[in-house]
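Work through the exercises below with the coordinates open. Each task is followed by a stepwise solution.

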Amino acid sequence: MTVMTDTALQAAPATKARGYWATVGRRIVRDKVSMACAFILLLIFLAAIFAPYLHLADPYQGSMIRRLRAIGTPNYPLGTDELGRDMLARLIYGGRLSLLIGILPVILAFIIGTGLGVVAGYVGGKLNTAIMRTVDVFYAFPSVLLAIAISGALGAGIVNSIVSLTIVFVPQITRVAESVTTGVRNMDYVEAARASGANAFTIMRVHMLGNVLGSIFVYATGLISVSMILAAGLSFLGLGTKPPEPEWGLMLNTLRTAIYVNPWVAALPGVMIFAVSICFNLLSDGMRSAMDIRN
Amino acid sequence: MNDIVEPIDKLEPLKDIGGVAQPLLQVVSLTKHFPVRGGLFAPSKTVRAVDDVSFAISKGETVGIVGESGCGKSTTARLLMHLMPRNSGDIIYDGRTVGRELSLRELRRGMQMVFQDSYASLNPRLTIEESIAFGPKVHGMADKAARLLARELLGKVGLRPETFANRYPHEVSGGQRQRVNIARALALSPRLVILDEAVSALDKSVEAQVLNLLVDLKREFGLTYLFISHDLNVVRYISDRVLVMYLGEVVELGPVDEVWDGPAHPYTRALLAAMPSSDPDNRTETPPITGDPPNPIDPPSGCRFHTRCPFAEAMCGEATPKLTEITVTGHQAACYMAIPGSGHSKAPAAGVQ
Amino acid sequence: MHPLPLRAALPRWGRGEEKSRVHPVFVYIARRVVYVIPIVASVALVCFLLVHITPGDPLVAVLPADASQELAQQLRVAYGFDKPLPVQFGLWVWRALHGDLGSSIATGRPVLSEVMKAVGNTVTLAIAAAAIGFTLGLFFGLIAGYFRDTWVDKVATSIAIAGVSVPHYWLGMVMVIIFSVQLNWLPAVGAGPGGSGAWAWDWEHIKYLVLPAITTSVIPMGIVTRTVRALTGDILSQDFVEALRAKGLQETKVFRHVIKNAAPTALAVMGLQLGYMLGGSILIETVFSWPGSGLLLNSAIFQRDLPLLQGTILVLALFFVFLNLLVDIAQASIDPRIKRS
């Protein structure tokens, strides 16, 4: 090749066309439903994080005289629970634990599952078989059953719930990761990269990871809604958070008998779980549409 | 691993060793069989995708490979590029055998490939410049130098660097993408470029432009081409010599004009006869070939074409005819009809050319 | 060009492929059945290990607090807790193969009969929920797929998304609030008047089934809707549908083609959902005190009744595995692509 001599060529400041992620980002921002969901989730998150600064009542402080007040009672905008504690405070503080137990397992499963799945997908062969057959054994159990069985075995508690749910979700994410990685592995540009002499790590880093993480991430986001329901479900059964901690699933449990006295207060924690779950589902769908090249 | 300490700023083509007389690439008895899982009640079989293929490519020439889908031409390309392991055979680049005197890393510098699917060949997440610069960086080039090289190459393939360097594959047309793929292949300064159906997916007018580009680049950089295609007209236009493949074997090879004007193997004749005639007074009326193409899993015994060959005789089903010279100009065919003294009723007598 | 003489008939020998003598569907089924065996073995192992990693003394459930060491040791031997784990596993598997899953520590009754009785109630619930959920799911999914991107689609999809996002145990509570507490139309808990006696298909019993069944049907309904919508949309956008319409085929006949193409995947999804309903019923059964396998699991956990727990998890998991197997076989026999491969 001739040595570069054309200074005009060297100085050419080519305009950077829009990157893939920037295009995806713009598409999502234009999607009103996704933006609304993101906004609601942001509110809930911020409220949970900044709960101590919101001048709320003490979520642990109850009084038997004030139990099960209705929604709209002065000083108790959302009523009180069966032990007289302020519902608004319990719901906002409850968000901290509920969101933690719901989201952390998915994050952990994402890291572990992506690692396992991408390696299985790229390397193939016996390693792939070993990993995927192990995943198949876990798939033989319905997720609810597995989560409850593991929680039942480990005992109640926040950490145990997180461990249990992580174990339930790792196989699912591994499967998705392996499938997507295998699809990318067969693309011509990976062959071209191999043809240029790059080693496996370089190829995985430059060519595969960027093309694979997006799909796994979308799947994981959808998984959060399941996780929120399952995590709260564990607490609902008494296998998760222990009283007197505020947590939406546990609150549903303790308020069950209250449905005869003050049904709407009893239903409130479920509304929160529902809201978070549906927002994550809609957001996940929106991301999937935005990432679809065909649009 | 990359043990080059200092980033280099130029990639020179591999040094010429044997001179003009030595073929740039020699392929000896290349074989690739794929096992097919039989399942519970059926025995496992093999697909004999490439079977004992041998040929040579001289420096500066363009060799074409033609054949129908499934004949093994793309598999051959991938075997030459070492993208899949072969069962047996040697690949000798300018006199040095790959795996012995020549390392795989060096081979990558000497030989590159342009793929058929222009879109699937480019990472959708990388800019065009980044895609082209990837190869040189793997071989030790500094990032800035690699990018400059990428822009220079874009200019050579007819794309303005200011416009195209920072675009993404989905933002350019099919023909432009193939030019990018060509630029990417040239980034490592190879002497041999394999073009695997590189223009097949393009519109005719774009195809013509890219073909002319390939011819120009060959002249400018002194390249040697291996051009794989199913389009007989394109192969005639661009090749010096041609190989005809059928079911994993080479059935005929020779200078392209000689083979096109005087095909020796019945399959080649059928292929050429199958091209629709554009002369209304000379319409193609009878289908030149009948019967279904056999399955590469269990090819027929002896000559693989004999089940569809109108001239087949008993000997054709018994032993496979070997590729034999039939003219002094290097025209070879694997057909008993063309091999003097073979015993076929239509074969010329031994000693007669 | 050398013209070729026309050959009327070509010999057909050596055409290459010898057709396998056995129908490919049977091969597929046989392979699938054989594959189940290691899965079942692993499931049994996981069930056993799950229960035995429980911290705490397995005898806590039966032992009175002031029991003597001697008594504790006697009971330990009686239940086999003194033997090493692999031996306990082996014994458990051996007995299980003969239909003996041990006896419940809490009630003393044989585990297998307890579990099967409870499973029977869960099956009743699951079938009722499936009937509701799949019918609605098919309906919503089909209209959403046919009227894609219109308001019909948006409504159906919204219902589906709400369905899959709802915490079903909370929905159960809300149903009870509305239909039992406020309106007093339906009972809140139980499976029959005066506790769970024998099931009968009369209104006296069915009214207990209504709320739990509707609640259980919601999530599968949502999933089936989404799946069928995607399938229908996909099929309708394919070229062969355009070809059928261009030929002048009536819309009802085109619809039959759509159904035939969507059936294998849709049935597979429904089968999977049925499996989830059978295995994952614990939450809803707890809300409604429905005497099914889920409720049994619940009490087994909290009473630390190890044999019952082990047996219940095993039976439920195996049900799920065999249901998946049936679904795979059914899919293989109706999907013509597998038939002819």
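**Exercise 1.** Decide whether B:Ala350 is buried, partly exposed or exposed.

Solution. Step 1: the model is predicted, so every count here is computed from predicted coordinates. Step 2: count the C-beta neighbours of B:Ala350 inside 10 Å, which gives 9.

**Exercise 2.** Locate B:Ala350 in the chain, and find which residues it is in contact with beyond its neighbours within four places in sequence.

Solution. Step 1: B:Ala350 lies in the segment after strand S12 (332-333) of chain B. Step 2: leaving aside neighbours within four places in sequence, B:Ala350 is in contact with B:Pro340 and B:Gly341. Step 3: check the C-alpha separation for B:Pro340, which is 10 residues away from B:Ala350 along the chain; the value is 4.4 Å.

**Exercise 3.** Describe the pairing of strand S10 (residues 249-255) of chain B, and state how many of its residues are buried.

Solution. Step 1: start with strand S9 (residues 241-246) of chain B, which runs antiparallel to S10(B) and is joined to it by 6 bridges. One bridge pairs B:Leu243 with B:Leu253 of S10(B). Step 2: inspect the connection. S9(B) and S10(B) make a hairpin with 2 residues between them, and B:Leu247 in the turn has a positive phi of about 50°. Step 3: look for another partner. S10(B) also pairs with S12(B), in the antiparallel sense and over 2 bridges; here B:Glu252 has B:Ala333 in S12(B) as its bridge partner. Step 4: count burial. Of the 7 residues of S10(B), 6 are buried, and the strand is mostly covered.

**Exercise 4.** Compare the radius of gyration of chain B with that of a compact globule.

Solution. Step 1: chain B has 353 residues, for which a compact globule would have a radius of gyration near 20 Å. Step 2: the value for chain B is 22 Å, which agrees. Along the principal axes, the C-alpha atoms of chain B fill a box of roughly 65 × 50 × 50 Å. Chain B holds 10 helices and 12 strands, and 47% of its residues count as buried. Among its contacts between residues at least 6 apart in sequence, 64% join residues at least 24 apart.

**Exercise 5.** Find which element of chain A gives the largest share of the side that touches chain B.

Solution. Step 1: the contact takes 28 residues from chain A and 33 residues from chain B. Step 2: helix H1 (7-11), helix H8 (188-195) and H9 of chain A each supply at least two residues of the chain A side. Step 3: the largest share comes from H8(A), with 7 residues. Step 4: sorted by class, the side of chain A that touches chain B has 15 nonpolar, 9 polar and 4 charged residues.

Note on methods: Residues are numbered from 1 along each chain as its sequence is written. Chains are lettered from A and ligands numbered from 1 in the order in which they are written. This is a predicted model: local features need pLDDT of at least 70, side-chain atom pairs count only at pLDDT 80 or more; totals for chains, interfaces and linings use all residues. The radius of gyration is taken over C-alpha atoms; the globule rule is 2.2 Å times the number of residues to the power 0.38. A residue is buried if 20 or more other C-beta atoms lie within 10 Å of its own, exposed if 12 or fewer, and partly exposed in between; C-beta atoms are placed from the backbone. Two residues are in contact if their C-beta atoms, placed from the backbone, lie within 7 Å. Two strands pair if DSSP finds at least two bridges between them. Ala, Val, Leu, Ile, Met, Phe, Trp, Tyr, Cys and Pro count as nonpolar, Asp, Glu, Lys and Arg as charged, and the others, Gly among them, as polar.
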